[in-house]
Amino acid sequence: MRRSLAWASAGGIVVLTSFALGVFLFDRALIVFKKVQPHKTTIFTNAADLGLLWKCALGAALLLGAAVLFLGFLRSRMTGRAPAESVLLQAETLLPLLALFFSRFVYGKYLKSLFDVPLYPLLTAAAVAAVLWLNASLHFGLRLGGGRERRAAEAAPGRRGRTQRALVLTAAALILVHLLGQSPFYRRFTSLMVFTGDEPKYLRMAYSLAGDGDLDLTNNFVGDDVEVDWLLQKSIASGKRAIGHFSIVGRDGGIYHFHMPGISFLMLPGFLLDLAFFQRDIPNTQALMFLPAKMVFIRLVFLMLAVGLFLLAARLFYRMFRSTAVAALLLLVLLFATKIPEFLFQVYPESAAIFFLLLGLNAVFFPFRRGGGNALALILAVGFLPWLHQRFLPLAAGLYGLFLLREIFERKNWKRALGVSLPLAAVGAGYLYYFYAITGSPLPWSLYSLWGTSYTRAAILPSGFFGYLFDTGSGLLSLTPAFFFTLTGIYWGIKLDRRRALMLLALALPYFVLISITPWHGLPWETTRMSLALYPVFLIFIGYTVRALKARTSWAHLAFYAAGLGFVVLNRAHRFWNISLGNVLILPHQVGYIIQCAFVLAGFILALWGLDLWTRKRLGALSFQRIEEVVKNARRGLRTLLSSRWLRKTLTASAVVLSAAYVPVFLANWDDKTMAISYFAALNKVAGSETAALHPKGHPSSARNKGDAKYLDIFKWEVPVELLPDPKKTVVRFGEGLFADACPPGCYKVDLELYDPPPELRLLALDFMGETREMRVTPGIGKTVVSTIYLVFQDVPVSPTFAVRHQGRIARPVKGRLHFFPIPSVIFDKRMMIRLSEDLYPDCVRTIGSSRYLTFVANSRKDNARFTFKLFRLPVSGGGEKEAPLLLAARPVRFRNRWRHKFEMKLDLIPEGPSDGGTLVFSAEDVSGRTLPGRSIWLEVRDGAWVIPMRPSALSRH
């Protein structure tokens with residue numbers, strides 16, 4: 001009986017774990033999140049049925065069952081235990097995978113707090129790591145805790161080395177998990193993504209290097225080469241050197257971007273491999289047709305750069321503070337509390353600049369073992385930084401100055417200083433010749449001068465310096481609250497490690513001053529991108545704050561830190577203290593902001609200094625001995641609790657029972673007509689599409705369902721908007737403020753209409769539902785309309801609140817209107833979204849001559865997808881025999897890409913004369929002739945087909 005129970009328990013665990021994996025894998029395919037950028041459409045769809053779930057669960061059951069039986073019988077033979085007992089123990093190692101049952105309760109990809117945590121990758125990594133550890137413990141006797149023998153073994157040099165290598169490999173695995181979970185990794189480098197900003201420039205230079213081996217871009221404009229040649233001839237004839245977007249005409253008559261080619265050289269090997277393996281096919285934009293359809297090897301290059309950056313940071317932090325705990329903390333801050341991971345897979349020079357800066361800092365402060373290797377590292381770091389961007393010249397000069405200071409004045413090694421200086425002189429000569437060959441001047445800013453812009457403006461230093469720090473919309477303290485501990489770390493670094501701290505400040509301050517006198521418009525993207533190269537230095541100063549915790553910190557210091565960090569975090573959300581310095585010129589009202597910021601910075605340093613003096617005399621440093629004792633006692637008690645058999649049995653039984661109870665809940669509540677971005681979260685929110693309603697807060701009895709006549713009248717569909725010179729953010733809310741912040745699910749269109757926008761208003765950003773849409777504004781007389789379409793389905797809380805942000809300094813208010821209305825849409829088998837092309841109601845019949853057409857707009861998930869659309873008319877109900885639906889039109893359509901496609905269906909077979917309008921039925925078939933199921937919330941779907949009630953006026957001929 002006992003053995004039978006063991007076999008049954010093992011089988012139950014395998015079945016439940018397989019179902020958990022099936023649900024987890026099914027969820028990965030359940031949601032399709034596509035951005036069709038050319039027409040600003042966001043599409044959410046879900047799977048049609050549970051077929052994929054059963055396939056995933058069955059496959060997982062076969063693999064897990066075979067693994068459990070094999071490893072269980074192997075353990076039984078090795079230990080002599082009964083097979084049933086060994087198989088059960090082996091099956092219990094799969095229990096952590098049951099956590100994947102509830103992965104969808106982790107709503108959204110990120111947990112927003114002080115930093116962004118990629119929950120899905122971490123959950124998966126934790127479950128897999130737990131399974132691997134349990135298997136290692138079962139088969140090899142590995143334990144989390146260690147006895148005296150294990151600690152003695154680790155004290156041996158060989159064992160210590162293996163432990164350190166294991167820690168490095170574990171850290172590298174963690175960075176890979178985190179980096180692969182970053183959204184830019186998926187958003188960039190796809191044939192659907194239209195590159196923005198400077199990215200196409202670096203890619204085009206790589207394409208020119210790959211194609212003809214130079215940086216002259218004249219022959220590298222695929223698709224619009226005629227227009228480019230016309231612009232070139234026109235520019236040469238007029239004597240102007242500026243041409244196109246951030247490009248100039250060189251003295252040899254060629255076209256050059258004024259971006260530096262360093263990042264293009266770095267990704268050139270990956271670019272060549274991508275060109276060799278993939279076609280050059282970017283269908284969504286003519287300007288990027290030179291790119292390969294996929295950029296797998298370019299992604300690999302950036303991934304290798306990211307891992308190298310992480311390992312160099314780990315080496316620097318550990319050797320700087322000689323503490324594994326401090327180094328680990330700084331690495332976690334680097335991953336989760338800075339913007340570095342967001343740039344690692346984008347075609348910008350920032351990630352490469354951080355890599356070479358870390359390489360140079362390691363070589364200067366903690367030289368590599370081999371002298372030749374250390375010299376090579378310095379030459380690469382100092383020599384390559386300016387090739388990434390001209391603004392990195394101060395960092396390169398600072399690294400070189402620190403190297404000379406240490407070699408000449410500290411180590412008295414003139415030979416090594418000369419050996420590094422000569423190659424750097426050759427690199428510098430080539431760097432200056434690069435500008436001379438293009439512009440005729442060796443000055444690095446000559447490219448900007450020919451373009452007609454000044455890269456620096458000393459007059460904006462006060463607003464730039466304090467704006468980068470304190471601007472509550474885009475300052476470092478607002479974007480990265482951990483920067484607060486950088487400010488405290490500067491004080492502690494000078495107190496505890498003055499020489500090294502001053503050297504780091506000498507490296508960082510010239511670059512910070514340079515970006516402070518660079519034209520800046522108070523945007524978070526600009527602040528992040530320009531200051532990102534300094535983040536390693538910022539993290540070192542955070543390390544000084546951590547180092548001061550044990551030596552010089554009191555309870556008063558901790559209260560000061562908590563109050564300061566709390567104010568920074570709360571001010572980011574509520575703006576108690578509002579500072580706006582995001583302008584290239586100092587306006588009169590910003591003088592007060594600058595004075596405030598100067599007093600705050602000086603007062604902060606003085607307060608920290610005074611607190612340090614007072615606590616040393618009165619309180620003394622905080623004693624960590626008592627805290628360590630409490631932690632040790634807590635660990636001892638927790639270990640005793642976890643080692644108890646009853647707790648393990650309780651947790652195991654709870655995991656199995658809870659998961660088993662969840663299976664019928666999941667199956668009973670499945671509804672294939674429910675559009676859910678998170679199905680599990682929808683179980684307790686929405687039972688079906690008919691229950692979608694809005695109601696005043698606290699008054700559910702007066703709710704209005706979507707079938708009510710006044711359902712569409714609860715919003716003010718047209719709201720006036722006024723963009724003010726300051727602040728740069730305008731919040732618009734639909735409705736009277738009484739209704740709950742969740743409008744019905746469906747497809748909505750947002751139109752922003754401005755009246756007489758000024759020339760300086762070039763770019764707007766519309767924030768809605770956690771997404772940001774950048775919109776170009778064409779100045780002119782009259783109105784300018786910018787439209788954004790969002791398609792959202794059930795269980796998505798769509799807040800009817802929009803935030804409009806603008807760039808550029810506007811001298812007067814700009815008035816306009818914001819329109820918000822739903823668009824009826826239907827999803828066919830998650831392959832395609834389709835809707836009628838005009839207006840809110842289905843009466844869009846177009847008459848051409850004697851023929852009438854019904855116009856549709858569709859988006860396909862895949863390129864080269866083929867569908868056949870059929871349009872029927874249902875017979876008018878009468879007393880005679882039941883008539884079959886009348887086929888009006890059949891239209892095969894091929895979607896060559898994932899753009900928005902428009903097509904028409906003829907209505908000529910509808911009889912003339914008086915009619916009640918009739919009812920049309922629209923269906924879709926795939927290439928094999930299978931009818932695709934359709935689902936919708938706003939529109940009626942019957943037996944998988946779209947039912948379109950037509951008005952008599954729509955069907956009558958004009």
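**Loops, cores and helix packing**

Mentor: Asp 756 has its place in the loop between β12 (746–755) and β13 (763–768), and the model that we are reading is a predicted one. Keep that in mind as you ask.

Trainee: Is Asp 756 buried, partly exposed or exposed?

Mentor: The relative accessibility of Asp 756 is 38%. Buried would require a value under 20% and exposed a value over 50%, with partly exposed in between. Asp 756 therefore counts as partly exposed.

Trainee: What is the phi of Asp 756, roughly?

Mentor: Asp 756 is a residue other than glycine, and yet its phi is positive. The value is near 50°.

Trainee: Where is Arg 322 found, and is it buried or exposed?

Mentor: Arg 322 is not a glycine either, although it has a positive phi of about 50°. Arg 322 is found in the loop between α12 and α13 (324–336). Its relative accessibility is 57%, and because exposed means over 50%, Arg 322 counts as exposed.

Trainee: Turning to the protein as a whole, what percentage of its residues count as buried?

Mentor: The protein contains 31 helices and 28 strands, and its accessible surface comes to about 45800 Å², with 63% of that belonging to carbon and sulfur atoms. Of its 958 residues, the share that counts as buried is 49%.

Trainee: How many residues are in the second, separate core?

Mentor: The second core is separate, and Ala 10, Leu 16, Phe 19 and Ala 60 are included in it. Its number of residues is 29.

Trainee: With which residues is Leu 385 in contact, leaving aside its neighbours within four places in sequence?

Mentor: Leu 385 is one of the residues with the most contacts inside the largest core. Once its neighbours within four places in sequence are left aside, its contacts are Ala 353, Phe 356, Leu 380, Phe 392, Leu 395, Ala 396 and Leu 399.

Trainee: Are helices α8 and α11 roughly parallel or roughly perpendicular to each other?

Mentor: Two packed helices are described by the angle between their axes and the distance between the axes. Helix α8 (residues 199–212) and helix α11 (residues 268–277) pack at an angle of about 70°, and their axes are 10 Å apart. Because angles of 65 to 115 degrees count as roughly perpendicular, α8 and α11 are roughly perpendicular.

Trainee: By class, how many nonpolar residues are in the contact of α8 with α11?

Mentor: From α8, Leu 203, Ala 206, Tyr 207, Leu 209 and Ala 210 meet Leu 268, Phe 271, Leu 272 and Leu 275 of α11. The contact has no polar and no charged residues, and its nonpolar residues number nine.

Trainee: What distance separates the C-alpha atoms of Gly 72 and Gln 90?

Mentor: Gly 72 is found in helix α2 (residues 51–79) and counts as buried at 0% relative accessibility. Leaving aside neighbours within four places in sequence, Gly 72 is in contact with Ser 86, Val 87 and Gln 90. Gly 72 and Gln 90 are 18 residues apart in sequence, and their C-alpha to C-alpha distance is 5.6 Å.

Trainee: Which residues does Glu 940 touch, not counting those up to four places away in sequence?

Mentor: Glu 940 has its place in the loop between β26 (934–935) and β27 (941–942), and at 42% relative accessibility it counts as partly exposed. The C-alpha atoms of Glu 940 and Val 826, 114 residues apart along the chain, are separated by 9.1 Å. With residues up to four places away in sequence not counted, Glu 940 touches Ala 945, Trp 946 and Val 947.

Methods:
Residues are numbered from 1 along each chain as its sequence is written. This is a predicted model: local features need pLDDT of at least 70, side-chain atom pairs count only at pLDDT 80 or more; totals for chains, interfaces and linings use all residues. Side-chain values use heavy atoms; hydrogens and water are left out. Helices (H or I, at least four residues) and strands (E, at least two) are DSSP runs, numbered from the N terminus. Buried means under 20% relative accessible area, exposed over 50%, partly exposed in between (1.4 Å probe, protein chains only). Accessible areas come from the Shrake-Rupley method with a 1.4 Å probe; for residues, only the protein chains shown count as cover. A nonpolar core is a set of buried Ala, Val, Leu, Ile, Met, Phe, Trp, Tyr and Cys residues joined through side-chain atoms within 4.5 Å. Contact means heavy atoms within 4.5 Å. Axes are lines fitted to C-alpha atoms, for helices over the stretch in contact, and angles run from 0 to 180 degrees between N-to-C directions. Angles under 35 degrees count as roughly parallel, over 145 as roughly antiparallel, 65 to 115 as roughly perpendicular and the rest as oblique. Ala, Val, Leu, Ile, Met, Phe, Trp, Tyr, Cys and Pro count as nonpolar, Asp, Glu, Lys and Arg as charged, and the others, Gly among them, as polar.
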